[in-house]
Amino acid sequence: MDILTEPIARGFDIFDVPPGYLDDPYPWLRQLRDDDPIHPNADGSVLLTRYADVRAVWREPGTSVDKAEMFRERFGEGPLLAQHTTGMLFRDPPDHDRLRRIVHPFFTRATMARFRAFLEATVDQLIDDVAERGRFDLVTEFAEHIPAAMINRVLGVPAEDAQLLRRLGLQVLFPLNPRVPQEAIDAGHAAAGEFVDYLGEHLAEVRRRGVDGPPGSVLEALVAAEADGAAITPDESVHMCLLVFNGGHETTTNLISVGTYGLLQHPEEFARLAELDDRAVNVAVEEINRYVSPLQLQGRRTTAGMDLPSGSLPAGTEVVLCQASANRDEREFADPDRLDLSRKPNAHLAFGLGVHTCIGNQLARLEARVVFPRLARRLRGLALDGDPIVNPNIRFRGLSSLPVRIGAVT
Ligand code: HEM
């Protein structure tokens with residue numbers, strides 16, 4: 001793209017991005033990587049855009065994710081603050097590790113594989129439905145239904161509550177964006193409160209009936225761990241469920257919608273996907289994750305001075321890690337803006353790194369391994385049928401609409 005005719009580094013603020021950034025952040029990120037890899041934001045934080053720097057911070061055990069003070073100031077007391085300070089994503093070791101150990105055994109590749117048959121049936125049914133129409137919206141009529149169905153199943157709550165929970169989940173997540181209006185914060189508190197009550201009731205129900213045999217859901221895994229004397233409070237159990245729900249929902253929806261958009265812009269790759277065997281599909285899914293980076297930014301605070309490949313950070317620096325940029329860094333990936341389904345090696349950072357590495361990565365990968373080849377095999381000739389609408393969200397890069405039309409159906 002040639003829209004960047006002069007250095008942008010000076011005026012750029014990740015929390016007040018220029019027009020056009022949401023549609024295509026990559027030209028800005030490339031220029032930041034080249035000219036200003038440790039970029040000061042207006043609020044005093046720094047933005048890291050190079051792969052080597054992002055990776056180094058993620059691997060440094062001494063950084064902190066605790067944002068209690070900042071969130072208390074922004075949100076005030078209430079259920080929204082409780083979620084974003086009790087969930088393990090915003091806790092440092094040892095509390096983080098204590099909580100993660102409890103649910104980690106449930107999220108293995110082997111356990112997630114137990115959900116494969118349900119996932120395949122869900123995706124096939126959705127494809128049958130859209131195939132009848134010829135034209136459809138890939139976001140609202142396809143992508144957003146898959147993680148919704150899966151996460152309810154994995155969590156162990158009724159499928160019919162999917163849309164209600166999705167709405168509440170989005171209201172809880174939205175205030176994590178900068179400069180949100182007070183109404184959105186109030187809505188976030190109300191949604192978090194409603195969600196906490198809902199999950200509390202379902203957890204209580206599982207506690208009443210007890211867990212027999214290996215846990216079949218996150219709720220059962222938590223209750224079984226409580227019964228085994230695991231160190232987790234009832235409050236922490238509820239917030240763990242809410243965090244898992246939110247972690248697994250929007251990210252995977254966006255992987256499917258933005259990933260499909262990317263594939264339709266690379267039609268030869270989309271066609272090739274239909275012919276790949278399972279092993280090659282696994283490689284392709286890593287590339288789609290790299291290319292999309294559904295979560296684009298993460299936060300850390302340094303607790304001691306840190307030397308990075310591109311410079312030094314003093315103790316107490318608020319750091320914004322841009323994995324979306326790291327995943328397009330030409331210093332790590334050849335021809336990074338090209339979606340190359342056979343790219344290898346591909347040590348992308350879409351799922352993070354270090355102690356907070358995405359706990360749901362095997363579920364997200366499973367969904368992608370089922371969805372993308374099925375789209376390519378069953379909806380041959382799928383093509384864009386209008387412009388996508390990008391969500392106004394700098395962290396969760398996603399679409400609210402992707403009009404498509406179908407060529408042949410098999
Ligand atoms: C393509 C889909 C996904 C992407 C791109 C993604 C990305 C990430 C990233 C980058 C982190 C690290 C955050 C940090 O270091 O600050 C993370 C953590 C997390 N993710 Fe995911 N995620 C995805 C899917 C899921 C799914 C399906 C679930 C739930 C089943 C999930 C649950 C979580 C949780 C609970 C954490 C916090 C882990 C911790 O603090 O130890 N994610 N995710």
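Reader: What should I keep in mind about the numbering and the model?

Author: Residues are numbered from 1 along each chain as its sequence is written, and side-chain values use heavy atoms, with hydrogens and water left out. The model is predicted, so local features need pLDDT of at least 70 and side-chain atom pairs count only at pLDDT 80 or more, while totals for chains, interfaces and linings use all residues.

Reader: Are Cys-241 and Cys-322 buried or exposed, and why?

Author: Buried means under 20% relative accessible area, exposed means over 50%, and partly exposed lies in between, with a 1.4 Å probe and protein chains only. Cys-241 has 0% relative accessibility, so Cys-241 counts as buried. Cys-322 has 1%, so Cys-322 counts as buried.

Reader: What makes α5 a helix, and which of its residues are buried?

Author: Helices are DSSP runs of H or I with at least four residues, strands are runs of E with at least two, and both are numbered from the N terminus. Helix α5 covers residues 95–103, and its buried residues are His-96, Arg-98, Leu-99, Arg-100, Ile-102 and Val-103. Their cover includes α4 (79–86), α12 (218–227) and α13 (234–265).

Reader: Which residues are in contact with Val-218?

Author: Contact means heavy atoms within 4.5 Å. Leaving aside neighbours within four places in sequence, Val-218 is in contact with Val-103, Phe-106, Phe-107, Val-154, Leu-155 and Val-244. Val-218 lies in helix α12, and its relative accessible area of 1% is why Val-218 is called buried.

Reader: What makes a set of residues a nonpolar core, and how many residues has the largest?

Author: A nonpolar core is a set of buried Ala, Val, Leu, Ile, Met, Phe, Trp, Tyr and Cys residues joined through side-chain atoms within 4.5 Å. The largest one has 92 residues, and those with the most contacts inside it are Phe-107, Phe-136, Phe-142, Leu-199, Val-218 and Leu-382. Helix α13 gives the largest share of this core, 12 residues. A second, separate core of 15 residues includes Val-57, Leu-313, Leu-321 and Ala-326. In soluble globular proteins, nonpolar side chains tend to be buried together.

Reader: Why is Leu-173 called buried?

Author: Its relative accessible area is 14%, so Leu-173 falls in the buried class. Leu-173 is found in helix α10 (residues 162–173). Not counting residues up to four places away in sequence, Leu-173 touches Asn-246, Glu-250 and Phe-396.

Reader: Which backbone angle sets Ser-293 apart, and is Ser-293 buried or exposed?

Author: Phi of Ser-293 is near 45°, a positive value in a residue other than glycine. Ser-293 sits in the loop between α15 and β4 (297–301). With 0% relative accessibility, Ser-293 counts as buried.

Reader: Why is Asp-335 called partly exposed?

Author: At 47% relative accessibility, Asp-335 lies in the intermediate class, so the label is partly exposed. Asp-335 has a positive phi of about 45° although it is not a glycine. Its place is in the loop between α16 and α17.

Reader: Which peptide bonds involving Pro-94 and Pro-345 are cis?

Author: One joins Pro-93 and Pro-94, with omega about 5°, and Pro-94 is in the loop between α4 and α5. Another joins Lys-344 and Pro-345, with omega about -5°. Pro-345 is in the loop between α16 (323–326) and α17 (361–378).
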